[in-house]
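Dear colleague,

Please find below the structure for your review. My findings follow it.

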Amino acid sequence: MPEPTLLVWRSELGWPAESPADYANPKKGLVVHYDSSDRGLHKKDHEACIEYWNWCRRFHTGPSRRWTDIGYSWFACAHGHVLEGRGLFRYQAAQGTTPGNRDYYSVTLGSGPNDPIPDAQIEAVRELRAWLMEPASSISGKVLGHRDFTSTSCPGTKAYRLVRDGTFAKKPGSLIVSPPSKPKPAPDAGTVPGPKHPWPLPSGHYFGPKSGPDRSVSGWYRRAFKGRTDRQWLQEFGTQLRRRGWSVGKGRTYLRAFGNDGIYGDEYRSLITAFQRDQGLPRTGLLDERTWDQAFTKPIT
Ligand SMILES: [Zn+2]
Ligand SMILES: [Zn+2]
């Protein structure tokens, strides 16, 4: 299992890339948390989750807590994104005991007792668990709830049931997940907006990281293809998804920090992966010919 499909690093939120919290190497498993108040994030756009996560960090580091950083390792949101908190290899302020904070990773659902737990959110927890079980972090597959450590209602009746019955500990990929942040209501369903740009790169090339081989076109070197630069073509793709109703651009759900600048990085990878997931394509995060063609020729559903 590679990284969770829709992983958002803290640097993408404008936070320092490394958490200032102490080093730890949790191995024993993953602990599920919730928020004691209903937040209704499942009814809102994913932007509300990012706002909530920023608020958590301010609250945890502010006068009422004065912690060194946001308390949790991760946030698995109702739209299926995994947002980094303290991230890998850090002590947490979450489980309420020193061994708990040192030996387990924490993931919050950011929801309250009456908020539903959508399939996309369950899938995000499963992807996170499977990824953390890989050699680099190699945690055990055990999933617990906060109340297994201290006397607390957390993670709420609903989530704790999913902890106990093994739902969170299943392999990812078995749920039919509704696509995240799908345009709603779909603008112009049944039509294809925008110009019909054919694939601009040579066959076998793709838009991908600058660390890739020659056929991985990153936008970094301003290479020219069919009368435009690579950067302009990647921007054209971002614009096309916006025409299709996706929340794309600076401060929006996708390409939030850097905007549609045409330089391939984590933000384009998240956008491309989300579109591939929506279209039932292999989720590579690389913009290949097939993904491009779906964006420019397939009617909106
Ligand atoms: Zn908790
Ligand atoms: Zn979300």
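The buried residues of helix H1 are covered by parts that include strand E3 (74–76), strand E4 (82–84) and strand E5 (104–108). Please bear in mind that the model is predicted. The H1 residues that count as buried are Ala48, Cys49, Ile50, Tyr52, Trp53, Cys56 and His60. In general, residues three or four places apart on an α-helix point the same way, because such a helix has 3.6 residues a turn.

The zinc ion (ligand 1) has three coordinating residues, namely His33 through ND1, His146 through ND1 and Cys154 through SG, at 2.1 to 2.3 Å. Along the chain, these donors follow the spacing H-x112-H-x7-C. His33 belongs to strand E2 (residues 29–33), whereas His146 sits in the loop between strand E6 (143–145) and helix H4 (156–164), so the two histidines tie together parts that are 113 residues apart in sequence. Both His33 and His146 are buried.

As to the cysteines, the number of disulfides is zero, with a pair of sulfur atoms required to lie within 2.5 Å. For Cys56, the closest cysteine sulfur is that of Cys49, and the 11 Å between them is too far for a bond. Cys56 has 3% relative accessibility and therefore counts as buried, the limit being under 20%. Cys77 counts as buried too, because its relative accessibility is 0%.

Yours sincerely

Methods:
Residues numbered from 1 in each chain as written. Chains lettered and ligands numbered in written order. Predicted model: local features only at pLDDT ≥ 70, side-chain atom pairs only at ≥ 80, totals over all residues. Heavy atoms only, no water. Buried < 20%, exposed > 50% of the residue type's maximum accessible area, 1.4 Å probe, protein only. Helix = DSSP H or I, 4+ residues; strand = E, 2+ residues; numbered from the N terminus. Contact = heavy atoms within 4.5 Å. Donors = N, O, S within 2.8 Å, 3.2 Å for Na, K, Ca; no water.
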